[in-house]
Amino acid sequence: MVLIREARVEKTAGIDAGTLTATDAEFANQAESRRRRSTSLCDVGDNPTLAGDFLQIGFVVSYPKQCGKSIVNTCAKRFLNKVTIAIQGLTSFKATIEINGSAPIEVQLGICSITTKTTTTKCNVSINCNATGGSGNCVPSGTQIDAYTCTACAYGVNTINVPCPANPCISVNCSSNSGGGTCTALSDGTASYKCTSCTYGADVLNGPCAASSCTPNTCTENGGGGTCTPKADGTANYTCSSCMYGPGTANTPCAASPCTSNPCTANGSGGICTATGDGAAHYTCANCLYGLGTTDVPCAASPCTSNPCTANGGGGICGATGGGTQGYTCSSCTYGPAAANAACPVTPCASGPCAANGGGGTCSATGGRAAHYTCTNCLYGPGTTDGPCAATPCASGPCTANGGGGTCSATGGGTAGYTCSSCTYGAAAANTPCPPSPCTSNLCASNGGGGTCTGSLDGSGKYACTNCLYGGGTNNAPCAASACTSNPCAANGGGGICAPTAGSTTGYQCSGCTYGPTPTANTPCSASACASNPCAANGGGGICAPTIGSTSDYTCSACTYGPTTPAPNTPCAVSACASNPCAANGGGGTCAPTAGSTTGYQCSACTYGPTTPAPNTPCAASACASDPCAANGGGGICAPTAGSTTGYQCSSCTYGPATPAPNTPCAVSACATDPCAANGGGGTCAPTAGSTTGYQCSSCTYGPTTPAPNAPCAASACATDPCAANGGGGTCAPTAGSTTDYTCSACTYGPTTPAPNTPCAVSACATDPCAANGGGGICSPTIGSTTDYTCSACTYGPATPAPNTPCSASACASNPCAANGGGGFCAPTAGSTTGYQCSACTYGPTVLASNHPCAASPCASNPCTLNGGGGICAPIAGATPGYTCASCVYGSATTTGSNPCAASPCNSNPCNGNGGGGTCSGISGVTPGYICASCLDGSTQTNQACPG
């Protein structure tokens, strides 16, 4: 028996590899004696005498794909003819054979003759489409490469040269997930099957039954423990028992620990949550910031959460004490300090202090962190500070003060006025008690004329006098006085004794006069020279001593200012207060002159500033002296604060609040900052009375001359410097009356004066052309040009290239380090366009010599497939690169140590080991094998060669 190991015909004849496959060999025309062979057809004719034996070798021809499956079409015929001619053209070829199991022998073979034949397979007993139990009918193919086809397969599509597929349930394990089940093939011409009677779910098509819902333990998904028990009733139902944090469940995992979301901190008060784990969702909170630990409820919130400081409306900032307590402190209280753990004090107005006396009033808390308040709108007097409004003036019963009866009515209106009505003895003036009885003071004798008084009780205040000493009785008038009642003799201060004339109310006679002679009847004594107090004529005090017997001579003594005794008939000197120097600054005050001096004085009771300044110093001026209310030009009336040289109150302000805060000038008008010109558009500003923000612009330079109220004049078109928008400099000239029109001049690049409303041209350096290649450099534009530039300080290549030429790119621009796919970081060599240095390479040395790329991945050539065993290569990075293989088809699925995947068991073509032909198909897996199909005898073998 001859076994052909190799016949090197294809390469020798120039035929494409894979076209010819040697299938069998045998000696032909061999005589009984091996020393000499029988004569062959090749020996006849003109052929030279041949030495050696004839070896007949059978080849199978593989047709190209473009010829299809037919072996009788034109393409197939031409191809077979081409191969035949190529073999005939050979003189000889080499082959390796084994004879009866000998060692391989290499022989040189010459071509004697070539015979072609087409072998077809007929459907006979040797071909069993149902060999695997998959039914099927055999259909021969006489003109096709494939010999026969199995049709009507129960478990799959038609097959060629192999039996119909077996029942899929042979290799299917419905219980591969431990879910039970019975496999039933559908027998519908496909490999489909169904797993039925599943333990843990419904029937499954083309897949195993579902696993138990308790695989893995679903109950513990939330971390709540539990024992999972499947229902095993053909559904995925299950129950969870022995849950740590709640009752058992159905088809739902056990509840998670109540501490999963840390409920202790729900109120923002910290705390450490510890689940009790007693089969319920109980937990405890410890280390709470604002109180004791808790059970099944969050830590208490900060006592400041509701800001208790403001409970009384007194503002305040709450600061929690912490430390596990609910304590807090309030600061910045509006109406005074607060006690610990107590709200800020209530406004002093809460108790209505202004109306404490029944005087009404509106209370306004001053604040300022104290319990001060002011009362306004008082009924019976001016406003007050830190005290109630005045009580009604009728409270003390002023109308009856004189015993004249009457009813009191308060006037109100912020005054202490009152009126008395129903008076017994006459009407009363406003703010005056009812008049007393006219007889209370014995009006009749008020002139010294005696008499008896009788008052009228009709409220008219009338009375009658009888029994008068001088003259008859009177009504509503006292009895007439004697002429001496008023001591007319002494009317001039000249002494004397008055004797009235009996029966007369006007006649009298003076005698014993001090100065001058006795006068005539009804004439007073002459006055002394001191009657007019000439000594005090200048306000200088003094004692005047008249000269007896003279009406003009006198002497002054004890003068207050200057000489105490001036010359006779000379008044005392005037005091320093005569000109009221204390009020020189308008600050009021009382002037007390210095005794004995005509220049010294002391001011007191000053209205503003110190009440008593230094001696000889006038009282200070009020804060309104400089009219501070009008300081901002907002007008107003200034009212100084008594006792202060700086305090004042403005009212009737022109702009803003009519009455600003104390010591605050009237608000400035909206035009103070000239808002109309805010955009540089000029204009005249007219403020709006009563407003600090309202104004009206007119006479604007650009745009509308009168814009909307409170709108500034429009900016000129040059406000944003449009000429320089492109970085081309230039001077912008706006067009009056327009907010958009302008003209540029003195441009740096391009035309110096472009068209109206056109910015200056951009320089050639605007796009940084020097760095276009990533080579850095400094760009210098050419003045007057929009395209010309010069680069300098380039990083790579020439530092200064030719004008209008960008800097050269670095050698790393194309990332040469990664050229082989080995990663790495590229560092270009400064000043060079080709030099670079690679580092951080993924495979091999991390740092290489200059201008060398990083090494390629050891997987670049896919070494795993070197033996044809497939596999996915995973490179191993490092100084000593290697690789591992995964998903190998044959043998171990993975390899280590930089070894390729194992070769296919078909590489050595074991099917033809016995010369029985066959097509080898590898069986993947840890224990590889192979299947031989299309054996020459029509059989299919597993892990053994086709029969010879």
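Let's start at the second largest pocket, which has 16 lining residues, with Arg-5, Glu-6, Ala-7, Thr-21 and Ala-22 lying nearest its centre. Keep in mind as you look around that this is a predicted model. Two elements, E1 and E2, each give two or more residues to the lining of this pocket, and the largest share, 5 residues, comes from E1. Its volume is about 370 Å³. Sorted by class, the lining of this second largest pocket holds 7 nonpolar, 6 polar and 3 charged residues.

Ala-7 makes a handy bridge to our next stop. Setting aside neighbours within four places in sequence, Ala-7 is in contact with Ala-22, Phe-59, Phe-93, Lys-94 and Ala-95. Ala-7 is also one of the residues with the most contacts inside the largest nonpolar core, along with Ile-4, Val-9, Leu-55, Ile-57 and Phe-93. That core has 22 residues in total. Strands E1 (2–7), E2 (20–28), E3 (54–61) and E4 (92–99), together with helix H2 (74–88), are the elements that give two or more residues to the core. Helix H2 gives the most, with 4 residues.

Is Gly-323 buried or exposed? Gly-323 counts as exposed because its relative accessibility is 78%, and the cut-off for exposed is over 50%. Look across to Asn-287 as well: Gly-323 and Asn-287 are 36 residues apart in sequence, and their C-alpha atoms are 8.9 Å apart in space.

Technical notes
Residues are numbered from 1 along each chain as its sequence is written. This is a predicted model: local features need pLDDT of at least 70, side-chain atom pairs count only at pLDDT 80 or more; totals for chains, interfaces and linings use all residues. Side-chain values use heavy atoms; hydrogens and water are left out. A nonpolar core is a set of buried Ala, Val, Leu, Ile, Met, Phe, Trp, Tyr and Cys residues joined through side-chain atoms within 4.5 Å. Buried means under 20% relative accessible area, exposed over 50%, partly exposed in between (1.4 Å probe, protein chains only). Contact means heavy atoms within 4.5 Å. On a 1 Å grid over the protein atoms alone, a cavity is a set of points where a 1.4 Å probe fits but cannot get out, and a pocket is an open set with protein on both sides within 12 Å along at least five of seven lines; lining residues have an atom within 4 Å of a point. Grid points are joined across faces, edges and corners, and a volume is the space filled by probe spheres set on the points. Ala, Val, Leu, Ile, Met, Phe, Trp, Tyr, Cys and Pro count as nonpolar, Asp, Glu, Lys and Arg as charged, and the others, Gly among them, as polar.
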